[in-house]
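Dear colleague,

I am passing the structure below on to you, and my notes follow it. Please read them with the model open beside you.

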Amino acid sequence: MKRLVVAAPASGSGKTTVATGLMAALRRAGDRVAPFKVGPDYIDPGYHSVATGRPGRNLDAVMVGEHRVPGLFAHGSRGCDIAVVEGVMGLFDGRVDTEGVGSTAHVAKLLSAPVLFVVDARGQSRSLAALLHGFRGYDPTVRLGGVVLNQVGSARHEQVLRQACAEVGLEVLGVLPRDDAFALPSRHLGLVTAAEHGAAAVEAVDAIADAVARHVDLDGIRALAAQAPALAVPPWDPAAEVEPVAGSPVVAVAGGAAFTFGYAEHVELLRAAGADVVVVDPLRDEALPAGTTGLVLPGGFPEQHAAELSANEPLRAAVTSLVRSGAPVHAECGGLLYLATSLDGAPMCGVVDADGAMTARLTLGYRDAVAPHDSVLVRAGARITGHEFHRTALSVPHGAKPAWRWRGHDQRPVAEGFVLGGVHASYLHTHPASEPGVVARFARACAAAAPRREATRPW
């Protein structure tokens, strides 16, 4: 598998522009491209999917463990010619208070993949040589294989920058001029999701692909990716991780523009566990799928669609009835907000006795959590590493039975989320591949609920 990792000295250097553009340009040229993103980001993979026509996947060594990263990569690369992995933040930036765990460099080493280094060249010339020398020498086991110069101001500027790269022996594989025409739109948590931006997202990716095709050496990119050695690891297999349940319980999974923060591996594990997975869009669908016995509500941006979600009263009523029947419900972040009493004043499902609202504060970071109570997902005492990523807050942060507990940065105990009957609702995003048993337990609960669900169905 030809593969490379797109990295940068820092956030804002143009990684997403270059990585997404490369994916789309290579696909146009006939390559089957496997797209990946380092870390827990949910937005960039949406654009990667637009660019490649394949599910955008995350490689998060913190959440899934470094031992699972190569297998997940091999799984997501099946049937492809080349893999492009977009990094996160700066090359060596990983989980705080660790030696770069989960960083782009960490994942590049796990995959034995060369690094394409994207540098925002504004405001520098020969100093670029020192920057490149420092990054290459900081950890020689991470191989910088080429450079893309971004935001280049003129032909003379390009000439000087090329000379700087030559001083340290790094090949320039692309030069992108200063041009805001293909910048993706931004919003309070980063980029607007591809699902929400619709046709404009496709147009943005096309514009980026045009720029990359004109200004980046695609043959050079392929040659660099081909230098990666064979990755002798079996692909991750969801069917090997879980035992299928009987009865093919129907599990509805929320999707559409409001609920885009999920992992492809979640649905794959549910199906491997015997579930009949059906996607439902709470912005448009007025009923749950026939025979629904379980519901997954992933994260997303429901706060951007609160009025429309609230206006869909039939589906809100159906969700509430499902919950009252005792059916298993797994809600994370945006899904938790949808189950709340209200969101920015708009009525929601009223399952969780709390009101959600936008705040000025971004809550962001990994959490090492423990389950204080049995639930449809885990037994009490289970431990998991998850990630928070939201600008909203609940008027009541947890119920009588919190979903999780952890220690904050100040070592004070934190309780968060709700376990209510068959509901497990929390702000914490988790990666199902890290603990497939969680999905298997949920599927068993859905299968067990099926007869009772049919007997008590209110519609």
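In which strand is Val6 found? Val6 lies in strand S1, residues 2-7, where strands (E, at least two residues) and helices (H or I, at least four) are DSSP runs numbered from the N terminus.

Before going further, please note that this is a predicted model, in which local features need pLDDT of at least 70 and side-chain atom pairs count only at pLDDT 80 or more, while totals for chains, interfaces and linings use all residues. Residues are numbered from 1 along each chain as its sequence is written, and side-chain values use heavy atoms, with hydrogens and water left out.

Val6 counts as buried because its relative accessibility is 0% (buried means under 20% relative accessible area, exposed over 50%, partly exposed in between, with a 1.4 Å probe and protein chains only). Leaving aside residues up to four places away in sequence, Val6 touches, among others, Lys15, Leu22, Glu86, Thr104 and Val118, a contact being heavy atoms within 4.5 Å. Thr104 is 98 residues from Val6 in sequence, yet their C-alpha atoms are 8.5 Å apart.

On a 1 Å grid over the protein atoms alone, a cavity is a set of points where a 1.4 Å probe fits but cannot get out, a pocket is an open set with protein on both sides within 12 Å along at least five of seven lines, and lining residues have an atom within 4 Å of a point. Points are joined across faces, edges and corners, and a volume is the space filled by probe spheres set on them.

The largest cavity, of about 90 Å³, has 13 lining residues, with His330, Glu332, Thr430, Pro432 and Val438 nearest its centre. Strand S13 (329-332) and helix H16 (436-456) are the elements that each give two or more residues to this lining.

The second largest cavity has a volume of about 60 Å³ and is likewise lined by 13 residues, of which Gly300, Glu303, Cys333, Phe389 and His390 lie nearest its centre. Helix H15 (334-339) and strand S17 (383-394) each give two or more residues here, and S17 gives the most, with four.

The second largest pocket holds about 720 Å³ of space. Its lining has 35 residues, the closest to its centre being Phe259, Thr260, Phe261, Gly262 and Tyr263, and helix H12 supplies the largest share, six residues.

Best wishes
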